[in-house]
Amino acid sequence: MGCTSSIPKRKKKNISIDEVAVFVPVLWIPVDVDLVRPLRGLVPRDVLEKLSTFRRRIVSLAKESSFSSISNVLEAHRTLDDYLPILIGLVNPESQLETSVEFKWKSLGDDGHVTCFASAWYEMLSAVHMKAILSFLEANLILRSKDNPDSLEIKVSEDSKSTAIELLLKGSGCLEYAIHHILVHLPTQIRTSLPKDVQEGILEAISSQALAQCVEMQLGLALESEKATLSVKRRLACEEVSYFAQAHYWLSRCDTSDAYGKKLLLFIRWKFLEAKAAAYYYHSHILDKGSEPSNHISAVCCLFAADELLIESKRANLSFCLAAPVTRVPPAWGVMKHLYRKIPEMASKKSQTYRYLFEEDKNGHLQALPDLPEFPLSLRPDDYELPEVGACWSSENGQPQLLTLKAHLKDEIDSD
């Protein structure tokens, strides 16, 4: 039914340490397989040529580049979009071709793991998963781009944030489609043998993490908008906390013993702490608008909690960066760049302003940390649908064209 293997590690000459704005899971790429032999005579020649050409092009793109530039990522996206309409014909129940080809994919992680299954639905899952990861990769490239490579400061424009949000929603939509519309078609034997990176729990976690980072950037945009109220900012921060909590919930049900599983857990913990610090910061502002002493004391307690969470998040950030594969410690940007300065400043200022209230509350009855409000989650992944089956699948009578003996023998000669 399937097979797995590992590729021996090669010595790396040029070590490049990446910087992370968006967590990009391990990318899986297709490995060359023979499509001609198992499909010869069963599908139209045009279909076979397109399947082979587009798949080889994806393999070639992955070999030629590490997708370190946006242009390479976009070209891979275009090729996948050309490939999927042709591939869909293989999963059509009427074609009875779903198990005709053993498809292979390789992890670009350190182990170079290879999996192969005789299943066109597995190929579909892998292709849609690749589209999602490429979207996250493109978002990270956009957010990490610098006008001056030597500069330690990152200035992300409003347009870049908006584009990154669109890409994250697009990638999350691909993952949601894979979970609900592709995985269900795989036999149980294959589903239980899938690599961890494409199993349901991990896909759900990555989708939730992407939505959380969308909300983080929406909060950054709200911070720059004069029209955004404190209530809007608090709601966004609280929603971000919920999305990261959701991601952690899914991960807690998965095997995260491998390097990338541990790395993702550390990333979510770091970003969760940052989000919670932001939520308490904005919650404190709203509480402080109250007129009762308890409102002011609760506001200060929120600021103290935000300050402690911020300190803890810095440690979590370092743990994430040092975990294999090692990544650079990113400079603060967006809303967190603002909050790393404002939270300690406001905690100190408000604690001095309301010191007398704490002194009056000798028994500490009013000094309990209030709960953060909960809001319905408003952000959803973009809808993703597979394209229509390619027109090349249709012959004059709507059936696959069987090769003549002469054409069959010619193909035998050409493939030798």
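**Salt bridges, backbone and surface in a predicted model**

Trainee: Which residue forms a salt bridge with lysine 271?
Mentor: Lysine 271 is paired with glutamate 274, and their closest N and O atoms are 3.0 Å apart. A salt bridge here is a side-chain nitrogen of Lys or Arg within 4 Å of a carboxyl oxygen of Asp or Glu. The model is predicted, so local features need pLDDT of at least 70 and side-chain atom pairs count only at pLDDT 80 or more, whereas totals for chains, interfaces and linings use all residues. Residues are numbered from 1 along each chain as its sequence is written, and side-chain values use heavy atoms, with hydrogens and water left out.

Trainee: Where do lysine 271 and glutamate 274 lie?
Mentor: Both belong to helix 9 (residues 259-287), where 3 residues, about one turn of the helix, separate them. Helices (H or I, at least four residues) and strands (E, at least two) are DSSP runs, numbered from the N terminus.

Trainee: Is lysine 271 buried or exposed?
Mentor: Lysine 271 is buried, because its relative accessible area is 5%. Glutamate 274 is buried as well, at 4%. Buried means under 20% relative accessible area, exposed over 50%, and partly exposed in between (1.4 Å probe, protein chains only).

Trainee: How many salt bridges does a search of the whole structure find?
Mentor: The search finds 18. One of them joins lysine 161 to glutamate 224, with the closest N and O atoms 2.7 Å apart. That pair links distant parts of the chain, 63 residues apart: lysine 161 is in helix 5 (residues 158-182), and glutamate 224 is in the loop between helix 7 (200-223) and helix 8 (230-252).

Trainee: And is lysine 161 buried or exposed?
Mentor: Lysine 161 is buried at 3% relative accessible area, while glutamate 224 is partly exposed at 49%.

Trainee: What about aspartate 34: which residue does it pair with?
Mentor: Aspartate 34 forms a salt bridge with arginine 37, the closest N and O atoms being 3.6 Å apart. Aspartate 34 counts as partly exposed, since its relative accessibility is 41%. Separately, Arg57, Glu64 and Glu75 are linked in a network of salt bridges.

Trainee: Switching to the backbone, which peptide bond is cis?
Mentor: The bond from alanine 324 to proline 325 is cis, with omega near -10°. Proline 325 sits in the loop between helix 10 (293-322) and helix 11 (334-353).

Trainee: What is the phi of glutamine 96?
Mentor: Phi of glutamine 96 is near 55°, which is a positive value in a residue other than glycine. Glutamine 96 is in the loop between helix 3 (70-91) and strand 3 (103-107), and at 70% relative accessibility this residue counts as exposed.

Trainee: Back to side chains: what does aspartate 288 contact?
Mentor: The side chain of aspartate 288 makes a polar contact with that of tyrosine 354, at 3.0 Å. Such a contact is a pair of N or O atoms within 3.5 Å; within protein, one must be able to donate a hydrogen and the other to accept it, and residues adjacent in sequence count only if both atoms are side-chain atoms. Aspartate 288 lies in the loop between helix 9 and helix 10 and is buried, with a relative accessible area of 16%.
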